[in-house]
Amino acid sequence: MTDQNKNSGHNITLRQILAIAGIVILVLLYAALLFSAIFDRSETFDLFFICLFATMAVPLLLWIYIRLFDNVRRRRDEAQAANGQLQTPDDSSQSEAPDHSSQLLPSDDNDSAKQ
């Protein structure tokens, strides 16, 4: 059994969201085309060409967007790794935030020296 199957909470990625959005857009266009064809609207012919164009354009545009997003994210990660700022998954549990607790509480060394 893989780690993905072990997780009960499946993380939805940007690719999956965009793919679902593309499917919804195409299904709505096809439903509008079917509705228009059934009720013999004058816009049916124009809507057919819109659906034909969208059938090719929507997946292509989504693919281009996903590809660009991945390239930007990869370049950002490479730049952070080059600067030593990128955390690995093992390091993510350890916070690198500065510890300011000593600044908030007065130290006992200074108090005992004054007395």
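**Entry 1: Asp77 and its partner**

I looked up Asp77 and found a relative accessibility of 26%, so I noted it as partly exposed. The model is a predicted one, and I kept that in mind throughout. Asp77 meets the side chain of Arg76 in a salt bridge, with N to O at 3.4 Å. Arg76 is partly exposed, at a relative accessible area of 46%.

**Entry 2: The other salt bridges**

How many salt bridges does the structure hold? I counted 3. I went to Asp70 next. Its salt bridge with Arg15 has the closest N and O atoms 2.3 Å apart. This pair links distant parts of the chain. Asp70 sits in helix α3 and Arg15 in helix α2, 55 residues apart.

Asp70 also forms a salt bridge with Arg73, and here the closest N and O atoms are 2.9 Å apart. Both of these residues lie in helix α3. They are 3 residues apart, about one turn of the helix. I wrote down Arg15, Asp70 and Arg73 as a network of salt bridges.

Is Asp70 buried or exposed? Its relative accessibility is 16%, and the cut-off for buried is under 20%, so Asp70 counts as buried. Arg15 is partly exposed at 48%, and Arg73 is partly exposed at 37%.

**Entry 3: Helices α2 and α3**

I then turned to the two helices. Helix α2 covers residues 14–38, and helix α3 covers residues 44–83. Their axes come within 9 Å and cross at roughly 175°. Which residue classes make up their contact? I listed 20 nonpolar, 4 polar and 2 charged residues.

**Entry 4: Aromatic rings**

I found 3 aromatic pairs in the structure. In one of them, Phe35 and Phe39 have ring centres 4.7 Å apart. Their planes are at 55°, so I recorded the pair as tilted. Phe35 is partly exposed, with 49% relative accessibility. Phe39 has 52%, so I put it down as exposed. The cut-off for exposed is over 50%.

Phe48 and Phe49 form an edge-to-face pair. I noted 5.4 Å centre to centre and 70° between the planes. Phe48 is partly exposed at 41%, and Phe49 is partly exposed at 42%. Which residues form one aromatic cluster? I wrote down Phe45, Phe48 and Phe49.

Methods:
Residues are numbered from 1 along each chain as its sequence is written. This is a predicted model: local features need pLDDT of at least 70, side-chain atom pairs count only at pLDDT 80 or more; totals for chains, interfaces and linings use all residues. Side-chain values use heavy atoms; hydrogens and water are left out. Rings of Phe, Tyr and Trp (its six-membered ring) pair if their centres lie within 6.5 Å; planes under 30 degrees apart count as stacked, over 60 as edge-to-face and the rest as tilted. Buried means under 20% relative accessible area, exposed over 50%, partly exposed in between (1.4 Å probe, protein chains only). Axes are lines fitted to C-alpha atoms, for helices over the stretch in contact, and angles run from 0 to 180 degrees between N-to-C directions. Helices (H or I, at least four residues) and strands (E, at least two) are DSSP runs, numbered from the N terminus. Ala, Val, Leu, Ile, Met, Phe, Trp, Tyr, Cys and Pro count as nonpolar, Asp, Glu, Lys and Arg as charged, and the others, Gly among them, as polar. A salt bridge is a side-chain nitrogen of Lys or Arg within 4 Å of a carboxyl oxygen of Asp or Glu.
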